[in-house]
Structure formats: structure tokens, C-alpha cells
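The paragraphs below are a guided reading of the structure, to be followed with the coordinates open alongside.

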Number of protein chains: 2
Amino acid sequence: MNPVAEPTAGRDALKARIAGLVGDDLMAVERVFATELASDDQAVSDVVDYVAHFRGKRLRPTLTLLAGHATGGITRDHHVIAAVVEMIHVATLVHDDVLDGATVRRHAETVHTRWDVPTSVLLGDHLFTHAFHLASSLGRADVCRQIGRATNRVCEGELIQHAEQGRIGLVEERYLQIIGRKTAELIAISCSLGATRNGDDTHAAAFAEYGRSLGIAFQIADDLLDFAGSEDEVGKTLGSDLGQAKLTLPVILALAEAGPQHRDRLVQGLRSGDRDERATVVAILEELGAIDATRARASSYAAQARAALGPIPPGPARDVLEAMTRFAVERSH
Amino acid sequence: MNPVAEPTAGRDALKARIAGLVGDDLMAVERVFATELASDDQAVSDVVDYVAHFRGKRLRPTLTLLAGHATGGITRDHHVIAAVVEMIHVATLVHDDVLDGATVRRHAETVHTRWDVPTSVLLGDHLFTHAFHLASSLGRADVCRQIGRATNRVCEGELIQHAEQGRIGLVEERYLQIIGRKTAELIAISCSLGATRNGDDTHAAAFAEYGRSLGIAFQIADDLLDFAGSEDEVGKTLGSDLGQAKLTLPVILALAEAGPQHRDRLVQGLRSGDRDERATVVAILEELGAIDATRARASSYAAQARAALGPIPPGPARDVLEAMTRFAVERSH
């Protein structure tokens, strides 16, 4: 299998393997998710039901289930934890779209476009609190604690990212701090909680490390899409990082390499807040090798994720987890 | 003591009684609150530290402590629960200010005025997740569950309120549903969790009922302030409910009484979205007796709260809880 030559065919094959292993469990997770959010008030359910339109890959619940599969089997607790991490993820998406002023996600209008900013803010809050409520239904205070800690870090990462927005001097280390919190923490816990059962956390640390590295690879690849993707394929507004002067790794690496002329042109593109500058900026990024360098960073984190699987018992779930690290970098949506 | 004739003197005396009973514990709550939110990242702590500027009466933590005092004494768990409910309350304040476009709270600029909307959204999220993280530190999954459930209801109330905004046909029953969720649930749980210890919840239901009724009385009085208060005394933007066509009890009761002419004038005032219409609207509300009728509703809920204290053992904490029901209605800020 060569994911570079045949990414679509390879991705479909991977999806089929995931469906074969945890497809029924993913449907059980969906039921837990929907039951937790069900409301007898029409005003609430109208908005809540809408989020189904732009939920995507179910990456986090899939990881929870695969981690469970790889370490002794999937229980009812896995369904609940998987629904919790997905709900937290969706909450952050809804609020992120407000922050970014994005109008489209997964080919559907964002919530604040369809309704308004207050509805988005409240829906995100609603998803956050239901996630914690659902987590507490397990009766395991340690799980609530770990989910609380991870979510704290997600918010911290978002706050730092926002505070750094527009700062041209942002360096790679700070960027990694940001995405390590805002993206990797939740993916890490999606994995490690899936690998914990009856107080046995033998494999939890390895899974946390796998998830953290995969999450960073994933976020770098996502940031790359904002420059290198096509809007049709990705299904959301592109160039929005640029439009908001949000410095991501491609630009950080380019600025580190750029001579004065390129630098001025890049800064101008960032400062203009104009998405139309995208083509010019992309050309400079390519000329400076920043696209390739960014892809190499993502590959390196994906390799770290694979290495973290070392102590995990061999089997089909572990194989899929390993394959997922390759697709994290090759993704086009 | 006559709270109507001497509200300020009476309020100061009540404050002194509260300080005498739970003043040291309130300081312990502040320390738990600050420790939970402490961050080694300057970008985070700048924003988090700012919320101290517009925190107010500490009503919810005070209730938790008084409930503990009245039912066997205050423990470390009470400090944590009190900090949790206050943190959830502050989270909703920060998001409410975004929703309402309010520029001033407690004589200080609101977060989105001082920074921007994204910072407010993220700070609110940060406070929510830290509240749940802190709650889970008690190791009591039932407490997490109850806090999760109450917070779900708060968000539901806010979502319904927003969906109903501008609907002239809003009736008293629906208004009570909204404030019952968005305000009363958190106050109810602030009381009932304070009255629960070592699984003994003998007095929890009475305290929940006390808190729910007090919360409704309190919210009605708050909505009344938006018309009947002075901006200097209240320390926040007034007339904002009117400016947003948010129907509250004074207007709902007035519309129920109004003839066609008054009705048209009220609807015009609401639809204009103009805070300058406040004086005209207030004059109509007074003419129709809606201000007095609203105050009577608040008094009736305050009386229900007092009645709920029936089974609670007599003592200084119970006396203060009873006195608080009188001031909930007479409040001017």
C-alpha cells in the first residue's frame, strides 16, 4: 500500500478496516451522544440537532475504541468516554468558528452564520457542560478529573493562540506549545482513557504519547491545508489563518528562512488580513521550501506516534492505529 | 429592622452577620478559586486575573457555606464546591456580556470591551472547564453529576431565552421556565450541595427548594433593576434588556394589562432596540402597575424560599438565610 501514490484508495481501505473493527461501537457512541443531548425543548433541539451537519471523521471516538480494542476489549465505558471526547471536540469547533469568523464547515453553514454569534456561544457551552455531565455518569471521578485537566489545557492553548495572533515573531517552539495544548491534549486523552480499565493503566502512558504525537502531526497537516488544500475538497473556508494573521508552521518556517524582500512580502500578506493574498503567500512558501519542511515536521511527529505503539500488544487494532499515523500527514480534508 | 425604610443600613448589618459566620471560609474559597485558575502562562493569567474586577456579591459561595454551617459545619469540601459554583457563575457572566453587548459590569469594562469577543468566549470556556476540573478533585462523582446537570439546565435556559428574544407574545410561564433554568438551578445546587455531607442529604431537598425560589426572586428583582435602577448604583449598563428586545417580567405583565395604545407604544419601544426608549417604557410600566406587580411576584418567591427553610434546624446560619430572602427583593445592585 502506497498512501502517496493512491491516497484515496488507501484511505477508503483504512476506513473499511476501522468500520470492520469498531463500526458497531461507533454507532453505539452516536446513540450515547444523541441521548445525552436530547432535549424536550424545541428551541434547544433545533440548534443541537444542527451540529450533525458538520461533524466529521469521528477521529477521537475512533481512537478511544481502537485503544480499548487493542488492550482487552471495548466496554460500555468506552462508548461513554468516546461520546464525551467527541462532544468536547464539537464544542471547540463551534466556538472556533466564531473566533475565526468561518462561514462554512464540512460544506455546511457554521452555526453563527445560520443563526448568530450568541447561539454559537451558548451551543458550545451546552456541549461542554453536557460532556462533563456525561463523563460523570461513569461514576469514576478520576476520569472526570483527567477530562477536566485535558479540557483546561485545550482552552489554555486557544487563549495563548489568540493572544499571539498577529505576532510576526512567533517561533516554532511557541507554536508547538499552542497546538500541543489546543489539539494534542484531547487526542492524547481519547487514546489513554480508552486504554484504561478497572484501574489498570499499564498502556495508558504509551497511548497518551501516541495520541499527543498523532495530534501534533494532525494539526500541522491541518494548518498546511489552509495553504495547500483546495476549498472544494476540504469543505471549509481556506486561507482563514492568513486572513486573521494567525501564524502557523508553514509561515513560521518561511519567515525563519526568508531574506528581507520575501519577509516584507510575507508580513504584508499577513498584515493585510486579506485572504486574496493567499496565492502570493503560497508561492513564497513553496519557493522557500516551507511547505515541504512543514510536511517533514508532520511526518516526524507521525513517526513518533508509531514508535509510541512499541509496547502495545500486536493485533488488528494496533495495525490500524499505526496506519492512521500515515494518513494523518497525507490528509486532504 | 425594617429593610424598606433603611435598606442600606439593613444590608450592611446583614453583610456583617454573614462575615461573622463565614467570612474566613469565604477567604478560603477565594484561595481555592485563585489556585485552580493560576497559570504559568502570562497570556492566560492576564485575562484570568481580570475577572476579579467584576466579581460581586459572592452570593452562591455564601449560600453553600451557610447551608454547610446550618447542617453540621463547614468542611474543606464546602470550600471547593463554593469555588466551583462561583466559577460557573463567572463563566456565564463573561459569556452573557458578549451576548448582551454590555460594555460595563460592576463599574469595570467587560472582557470583550477590554479585549475582544474571542477572548471573552475563550475565558468563559476556560472558567467552565476549570470549574468541572475542580469539582472532580473532590473524588465524588455524584457531585460532578449534579453540577453537570445544573449547568446543563443553565445553558438550556440561556438558549431558550435567546431563541425567544424579540418574541412579543412571551408569557409569564415561559419566562419562569427560562429564569428557573438560567438562574435558579445554579443557586439551588449551591444550597443543596452545601447541605449534603458523607452521603447524608436529609436537608438537601429543602435547601434546593430554598435556593430555587430565592434564585427566581433574585432574577425577577434583577430584571426589575434594568428598568427601575440607577446606572450609577447598579454599576452596569441598564436598559440593555430593552435594547435587545429581551422580554422580562415587567414588560410581560404590562403587555398582559395594556390596551391597544399602550401595547403599540410598548412594542414600538421594544422593537426599536433603542435604550433611549427606556424612560417612556418605564412610565407606561408604572402607569399599568407592572413595576409593583413584578415586585409582588418577587416577594412571593422570597416568601416561598423562607417557607422552604421550615425543616432546617434553628441557628444563626438559618436566620441569615431567612434575612437574605428579604434583601433579594429590595436589592438595588
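Predicted model: local features only at pLDDT ≥ 70, side-chain atom pairs only at ≥ 80, totals over all residues.

For the angles used here, an axis is a line fitted to C-alpha atoms, for helices over the stretch in contact, and the angle, which runs from 0 to 180 degrees, is taken between N-to-C directions.

Two packed helices are described by the angle between their axes and the distance between the axes. In chain A, helix α4 (residues 76-100) packs with helix α8 (residues 172-194) at an angle of about 175°, and their axes are 10 Å apart. Because angles over 145 degrees count as roughly antiparallel, α4(A) and α8(A) are described as roughly antiparallel to each other. On the α4(A) side the contact is made by His78(A), Ile81(A), Val85(A), Ile88(A) and His89(A), and on the α8(A) side by Leu186(A), Ile189(A), Ser190(A), Leu193(A) and Gly194(A).

Helix α15 (residues 290-308) of chain A and helix α16 (residues 316-330) of chain A have axes that come within 9 Å and cross at roughly 170°, which makes α15(A) roughly antiparallel to α16(A). From α15(A), the residues Arg295(A), Ala298(A), Ser299(A), Ala302(A), Ala305(A) and Arg306(A) meet Glu322(A), Thr325(A), Arg326(A) and Val329(A) of α16(A).

The next step is from one chain to the contact between two. The size of an interface is often given as the accessible area lost when the parts come together. Between chain A and chain B the buried area is about 3,800 Å², and carbon and sulfur atoms give 69% of it. In terms of residues, 41 of chain A are in contact with 41 of chain B. Of the area that chain A buries against chain B, 17% is supplied by Leu122(A), Arg145(A) and Leu159(A), more than by any other three residues.

How many salt bridges are there between chain A and chain B? The count is two. Asp41(B) forms a salt bridge with Arg174(A), and the closest N and O atoms of this pair are 2.8 Å apart.

Side chains of opposite charge can pair when their charged atoms come close. Over all chains, a search of the whole structure finds 25 salt bridges. One pair in chain A is Arg153(A) with Glu156(A), whose closest N and O atoms are 3.8 Å apart. Arg153(A) and Glu156(A) are three residues apart in helix α7 (residues 141-164) of chain A and are therefore separated by about one helical turn. Arg153(A) is partly exposed, with a relative accessible area of 31%, while Glu156(A), at 9%, is buried.

Arg167(A) forms a salt bridge with Glu164(A), and here the closest N and O atoms are 2.5 Å apart. With a relative accessible area of 41%, Arg167(A) is partly exposed, but Glu164(A) counts as buried at 11% relative accessibility.

In chain B, a salt bridge joins Arg58(B) to Glu30(B), with the closest N and O atoms 3.2 Å apart. Arg58(B) lies in the loop between α2 (42-50) and α3 (59-70) of chain B and Glu30(B) lies in helix α1 of chain B, so the pair ties together parts that are 28 residues apart in sequence. Arg58(B) counts as partly exposed at 22% relative accessibility, and Glu30(B) counts as partly exposed at 24%. Elsewhere, salt bridges that share partners join Asp41(A), Glu164(B), Arg167(B) and Arg174(B) into one network.

Leaving aside residues up to four places away in sequence, Gln161(B) touches Ile178(B), Lys182(B) and Lys246(B). Ala13(B), found in helix α1 (residues 7-37) of chain B, is partly exposed, with a relative accessible area of 35%. Ala13(B) and Pro260(B) are 247 residues apart in sequence and, from C-alpha to C-alpha, 47 Å apart in space.

Methods
Residues numbered from 1 in each chain as written. Chains lettered and ligands numbered in written order. Heavy atoms only, no water. Helix = DSSP H or I, 4+ residues; strand = E, 2+ residues; numbered from the N terminus. Parallel < 35°, antiparallel > 145°, perpendicular 65-115°, else oblique. Contact = heavy atoms within 4.5 Å. Buried area = accessible area lost by both parts, 1.4 Å probe. Salt bridge = Lys/Arg side-chain N within 4 Å of Asp/Glu carboxyl O. Buried < 20%, exposed > 50% of the residue type's maximum accessible area, 1.4 Å probe, protein only.
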